Amino acid sequence: MKNYKVGIIGATGMVGQRFVTLLANHPWFHIEVLAASSRSAGKAYKDAVGKKWAMQADIPANVAEMTVMDATADIEKIAAAVDFVFCAVDMKKDEIKALEEAYAKAECPVISNNSANRHTPDVPMIIPELNDDHAVIIDAQKKRLGTKRGFIAVKSNCSLQSYVPALWPLDEKYGVKDVLVCTYQAISGAGKTFETWPEMIDNVIPYIGGEEEKSEIEPLKIWGKVEGDKIVPASKPNFTAQCLRVAASDGHMAAVFVRFDKKPSIDEIKKIWADFKGYPQIENLPSAPKQFLNYFEEDNLPQTKLQRNLENGMAISVGRLREDTQYDYKFVCLSHNTLRGAAGGGVLLAETLCNKGYIVSKF
Ligand SMILES: NC(=O)c1ccc[n+]([C@@H]2O[C@H](COP(=O)([O-])OP(=O)(O)OC[C@H]3O[C@@H](n4cnc5c(N)ncnc54)[C@H](OP(=O)(O)O)[C@@H]3O)[C@@H](O)[C@H]2O)c1
């Protein structure tokens, strides 16, 4: 059995709380350190998180009394105490870049949910079912950083975690050419609940800062190729996106229009989705959904509230595939933004890198 000591940086935040609940009973990963800002440092976790606790389950008993460490002041101490850290913090981009690099240079691998390093050319941005092969770039990154075991690996933005997986397996055979996507994103994506963001009750806000750019550009890195010491982004598919904030607590829905180089039939698309397996399914990793892409035949599915927790929130739900008058096809898809799209995706990425031998326990 694999056994790793882990730290959670940003443990009091929305994504950090998800990490805490997901890791409470994880077979490989054991929480050794919880860290956040100096505002929380020195307090018991349950007091630091206080009323911000937004999970349905209670704070796990084994962490409630744990003293929160200072994520910036205690880097060396934290790095010495764990095998690697998960990082999800709300700080300025350049501060996050510096923080993540400091952990890596302290020989502590960083599995990051932040966007700061997503476009660093030797930092892999991995959806484990799709581009797990990008992990090979870690050796070049370690050379640049001058580290033996420290590196940074990131997961992509939560908005694209449903439509990129649905398009990916179709691309090899049929060539995905143009994609128009509109996303309908939950408020937990902004680290909020209806209590902390009452303006969102009965509302839709047609703007999420920076989200459309991420939704269009990040897929190209995932489709990119490792060339020497960097990942070179692909030049296609062409993506255009509109991202809306909607009155849902969790779960990002996407309405997708797609044009192919060679148009498949509806049955061919459904078969590819049903048959698709990636590295986590083949290796049977602890957090891997058994069926990654799930197609629903009912006209009114998938629904955010009904399907977001499918396979512990790690599976993608797809539906309403039909011909379009301007593109070849249109469909909708859904993923849980703080599970598959954030903490769960981070845990699966860590499982992938442990299983491939990029993270080895030092204890
Ligand atoms: N929510 C999502 O669905 C989602 C999805 C994908 C990615 N992300 C990304 O994940 C990150 C965290 O998002 P979130 O929604 O969890 O944010 P959040 O709820 O606002 O939590 C922010 C966390 O950052 C900590 N923090 C703030 N300033 C800090 C500092 N100077 N030093 C150390 N820690 C500091 C906070 O600690 P205190 O409590 O002590 O202030 C808290 O633990 C962001 O980069 C976000 O873009 C979020």
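**Ligand site**

I first looked up where the ligand lies relative to the domains. Domain 1 (4-157 + 343-355) and domain 2 (159-335) both contribute residues to the shell around the ligand, so it lies between them. The domain bounds come from an automatic or database domain assignment. I note that this is a predicted model, in which local features need pLDDT of at least 70, side-chain atom pairs count only at pLDDT 80 or more, and totals for chains, interfaces and linings use all residues. Residues are numbered from 1 along each chain as its sequence is written.

I then listed the shell. The ligand is surrounded by 28 residues, and the closest are Gly13, Ala36, Ser37, Ser40 and Gly191. A residue counts as near a molecule or strand if its C-beta atom, placed from the backbone, lies within 6 Å of it. By type, the shell residues divide into 10 nonpolar, 16 polar and 2 charged.

Which helix gives the most to the shell around the ligand? H1 does, with 3 residues. Helix H1 (14-23) and helix H13 (339-355) each supply at least two residues of this shell. Helices (H or I, at least four residues) and strands (E, at least two) are DSSP runs, numbered from the N terminus.

**Helix H13**

I checked whether H13 is straight or bent. H13 has 17 residues, but its end C-alpha atoms are only 20 Å apart, short of the 24 Å that a straight helix would reach at 1.5 Å a residue. The expected span is 1.5 Å times one less than the number of residues. H13 bends by about 50° at Gly345; the bend is the angle between axes fitted to the seven residues ending at a residue and the seven starting there.

I also looked at the burial of H13: 16 of its 17 residues are buried. A residue is buried if 20 or more other C-beta atoms lie within 10 Å of its own, exposed if 12 or fewer, and partly exposed in between, with C-beta atoms placed from the backbone. Just after H13, Gly357 takes a positive phi of about 90°.

**Helix H7**

I took helix H7 (residues 163-174) next. H7 has 12 residues and reaches 16 Å from its first C-alpha to its last, close to the 16 Å expected at 1.5 Å a residue. Its buried residues are Tyr163, Val164, Pro165, Ala166, Leu167, Trp168 and Pro169. Gly175 follows H7 and has a positive phi, near 65°.

**Whole chain**

I counted 13 helices and 15 strands in the protein chain. The radius of gyration is 20 Å, close to the 21 Å that the globule rule gives for 363 residues, so the chain is as compact as a globular protein of that length. The radius is taken over C-alpha atoms, and the rule is 2.2 Å times the number of residues to the power 0.38. The C-alpha trace spans about 60 × 50 × 40 Å along its principal axes. Of the 363 residues, 49% count as buried.

**Backbone exceptions**

I searched the backbone with one expectation in mind: most residues other than glycine have a negative phi, and most peptide bonds are trans.

Where are the cis bonds at Pro237 and Pro302? The bond from Lys236 to Pro237 is cis, with omega near 5°, and Pro237 is in the loop between strand E10 (230-232) and strand E11 (238-246). The bond from Leu301 to Pro302 is cis, with omega near 0°; Pro302 lies in the loop between strand E13 (293-296) and helix H11 (304-307).

Asn284 is not a glycine, yet has a positive phi of about 55°. Asn284 sits in the loop between helix H10 (279-282) and E13, and counts as exposed, with 9 C-beta neighbours inside 10 Å. Glu311, also not a glycine, has a positive phi of about 50°. Glu311 lies in helix H12 (residues 310-313) and is partly exposed, with 19 other C-beta atoms within 10 Å.

**Residue pair**

I finished with Ala248, in the loop between E11 and strand E12 (252-260). Ala248 is buried, with 21 other C-beta atoms within 10 Å. Ala248 and Ala186 are 62 residues apart in sequence, and their C-alpha atoms are 4.7 Å apart in space.

Conventions. Ala, Val, Leu, Ile, Met, Phe, Trp, Tyr, Cys and Pro count as nonpolar, Asp, Glu, Lys and Arg as charged, and the others, Gly among them, as polar.
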